[in-house]
Amino acid sequence: MSANLLRLSLFLTYTVGCCLAATPPASLSSPILLFRRNESLPDLDESTTSSRLILTPEGESWLRSVPAPFSIISVVGPTRTGKSLLLNNLVRLSKAVETKRVSKEDGPFSVGKGVTSHTHGLWVWPVPVDFGNGVDTYLVDSEGIHGVETVQVRVNSLSDTDQYILATAQLKILLYQSTAYEVELFLRATTISSAVIYNTWYPVDANHIKTIKRLAAFSRLFSLDATLSATDNFTMSVPPPSALLPPTFHWTVQNFNKHTLAAQNWTAAEFLDQIVTRDAFLEDRNVDVRLLKGMFEMLEMVPMARPCDDDAVLAGIGQGELQVDQWRKDYASDLMDLYTTLRQHIHPIQLNGEPISGPHLLTLLKAWSANTAITIPEHTSWHTAVHLKLDHESARLLHAFDQIASTFIPSANTTYEAYSSTLQHLAQEKTSTLVNAIKAVGTDPSHSPALASFEKTVTRNLEMHRKRYGIWARSHVAALGDSIYDSLVHNLEKWTQDPYRVCRARWVTSLLESDIDGVVERALESGTKVARQYLAPETPEEYIRDMLLRGTELEERKHVQTLSELKRRITRIHRDCPSPLRPVWDAIVSVSSVLAPYLGVLSACAAAYAGYIHRTFLVAHASRILMQAVYMLVPPVLAVYAAYVLTQVTLLGREWDGVDWTGRRDVVVVRKRVEEVAVHVGGVVLVTATCFVVAEGVKVVRKWINGTW
């Protein structure tokens with residue numbers, strides 16, 4: 001059915017409404033208190049950081065029972081402007097459209113009388129209203145802003161005299177709502193809604209649009225904590241409120257004189273555009289317009305006529321609620337326009353483009369309430385509020401940075417580059433979050449003192465966590481040094497227990513010392529390469545080597561001293577190793593030991609034979625033979641012996657007092673070898689002397705025989 005046919009049906013129903021035989025109305029379910037005031041807060045507390053509106057158990061139960069998809073229409077606005085009556089009339093209109101009959105029963109929401117606020121908190125009617133879009137739509141009535149309420153003084157808490165005075169005077173106190181409460185009221189209503197009706201009374205002035213912009217701006221400010229904490233990578237299980245599809249905004253202005261628009265040749269949309277863009281709440285009108293339009297999917301103004309010409313009837317004095325047959329015809333037409341535009345633009349509540357259920361919305365509301373801290377005192381200017389909020393956000397982000405960074409526990413697989421990169425990424429993420437917060441409140445990040453202070457502090461904290469990692473890294477490198485030290489000691493001690501291996505390794509002691517130094521150097525190079533992964537790139541290599549050598553020992557040079565001592569022990573063992581010419585010398589000694597007796601006998605026989613044969617030439621011949629033997633045997637033996645001694649000094653690095661002169665280090669063996677050599681030398685000398693004596697005797701005998709004696 002088109003909008004015109006619906007409007008015609010309504011007018012026909014309105015004209016004959018009193019004559020129609022309406023069916024008996026079904027009993028309406030009572031509205032449910034969805035959000036209530038936090039009674040634990042003082043009435044005029046201006047410094048509280050607790051939420052001023054609390055989700056009620058009844059409201060939670062209702063949300064748990066709502067399946068997806070569903071939509072909510074909330075009405076907000078100044079007090080005593082007919083918000084509850086407007087919702088009741090929408091209910092009557094929807095029923096009239098559906099049944100073609102006008103119900104004379106009262107609407108679901110209670111309509112107050114007088115000048116004080118009647119509705120407190122947010123109330124939802126749990127019966128869905130048909131707007132023709134196939135989605136269950138629920139209506140939410142809200143407490144009016146800028147309102148006053150009547151508070152009766154408790155008489156029984158005063159003295160008898162005061163009780164009498166107050167009982168007769170009926171003293172009442174008017175309390176004005178707090179700014180923070182109004183903002184939170186507006187924020188709760190817009191968060192749960194698919195469409196928001198902002199209801200006011202004509203005329204429209206700059207204060208109206210400034211109030212709307214103020215509510216939108218402060219709502220954005222109040223929801224920063226929930227939005228920014230939800231966008232943390234570590235808490236992505238809770239999406240931010242901005243993930244919800246924004247509601248549409250319908251500004252209903254009742255008692256609107258449409259002739260004033262016609263006089264200026266404006267439409268309602270053009271008039272709304274003029275006041276939204278020109279009447280600024282902030283110094284920069286572009287900022288508050290951007291905040292307002294960013295909060296709602298669509299903005300429109302719906303001018304509405306006065307519901308009834310009779311003020312007494314409109315106030316509900318002397319009778320019940322204003323009935324349909326008392327509506328003005330132009331009001332009925334305007335109400336139909338509002339119904340039509342709601343029907344066209346209403347959409348299910350969606351999260352990231354997908355309709356959600358009541359239980360899902362309840363989970364989000366609880367999470368956002370837990371992350372939202374209302375930290376703005378009352379009567380605070382916008383700029384001061386922005387500074388307070390950004391300072392609060394900076395402190396929260398710094399705390400989150402430190403808390404998350406503290407959970408990064410280094411391990412053997414954690415390199416300095418990986419740890420530093422993770423910290424840097426976390427710092428950039430928190431900085432980006434603060435930048436988004438600054439942009440969200442319409443401030444240029446490049447001129448934000450909060451961002452400059454945050455970057456300075458997060459850089460300092462970043463270095464603090466890097467130093468904490470550095471302490472762990474140095475202890476880990478020290479433990480690595482202990483491991484390298486234990487391995488070196490184990491290998492070098494094996495050398496000290498195996499002298500044959502030491503002697504076989506190198507002939508020259510200095511080369512062996514170089515080999516030992518090379519083993520230590522290669523171990524340190526390998527350890528340095530591993531240790532550098534855990535230390536900052538600018539760490540000097542000498543410092544790393546010193547940490548590896550020192551290990552976890554408190555004594556600075558203990559490991560170095562131990563390794564040096566092992567090296568000295570090995571070199572001492574090597575110095576005691578045999579000379580490379582030891583086998584030659586041993587062979588000469590052995591051969592001389594074996595052949596010396598036989599050579600002595602042969603020499604004696606040769607001398608006797610020569611004396612008998614040659615007689616006079618015996619001495620000369622024996623001397624010549626002896627000298628030839630000396631010339632042939634002594635120089636090579638002396639050369640081998642000298643080389644044997646010199647190799648001990650040059651190759652093995654022995655001192656002269658440590659040279660093995662005899663080839664035997666044991667005293668008994670040396671003495672035995674000396675005795676053996678002495679015996680052999682003595683035998684040779686004795687034989688030679690005998691030969692000389694015999695030769696001389698022969699010469700004497702021959703002279704005596706010849707008579708020449």
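Phe454 is found in helix 16; helices here are DSSP runs of H or I with at least four residues, strands are runs of E with at least two, and both are numbered from the N terminus. The model is predicted, so local features need pLDDT of at least 70 and side-chain atom pairs count only at pLDDT 80 or more, while totals for chains, interfaces and linings use all residues. Residues are numbered from 1 along each chain as its sequence is written, and side-chain values use heavy atoms, with hydrogens and water left out.

Phe454 is buried, with a relative accessible area of 1% (buried means under 20%, exposed over 50%, partly exposed in between, with a 1.4 Å probe and protein chains only). Leaving aside residues up to four places away in sequence, Phe454 touches Ser394, Leu397, Leu398, Lys430, Thr431 and Leu434, where contact means heavy atoms within 4.5 Å. Ser394 is 60 residues from Phe454 along the chain, yet their C-alpha atoms are separated by 6.1 Å.

Helix 15 covers residues 416–440. Its expected span is 1.5 Å times one less than its number of residues; for 25 residues this gives 36 Å, and the end C-alpha atoms are 36 Å apart, which agrees. Just after helix 15, Gly442 takes a positive phi of about 80 degrees.

Eight strands form an open sheet in the order 2-1-4-5-3-8-9-10, with mixed pairing; two strands pair if DSSP finds at least two bridges between them. Strand 2 (53–55) and strand 10 (298–303) each have a single partner strand, so one side of each is left without a neighbour in the sheet. Strand 9 (residues 248–254) runs parallel to strand 10 and is joined to strand 10 by six bridges. Phe249 stands opposite Leu299 in strand 10.

Helices lie across these strands. Helix 12 (residues 329–345) lies across strand 3, strand 8, strand 9 and strand 10, at about 175 degrees to strand 9. Such angles run from 0 to 180 degrees between N-to-C directions, with axes fitted to C-alpha atoms, for helices over the stretch in contact.

The largest nonpolar core has 105 residues, and Trp62 and Trp251 are among those with the most contacts inside it. Such a core is a set of buried Ala, Val, Leu, Ile, Met, Phe, Trp, Tyr and Cys residues joined through side-chain atoms within 4.5 Å. Helix 16 (residues 449–496) gives the largest share of this core, 14 residues.
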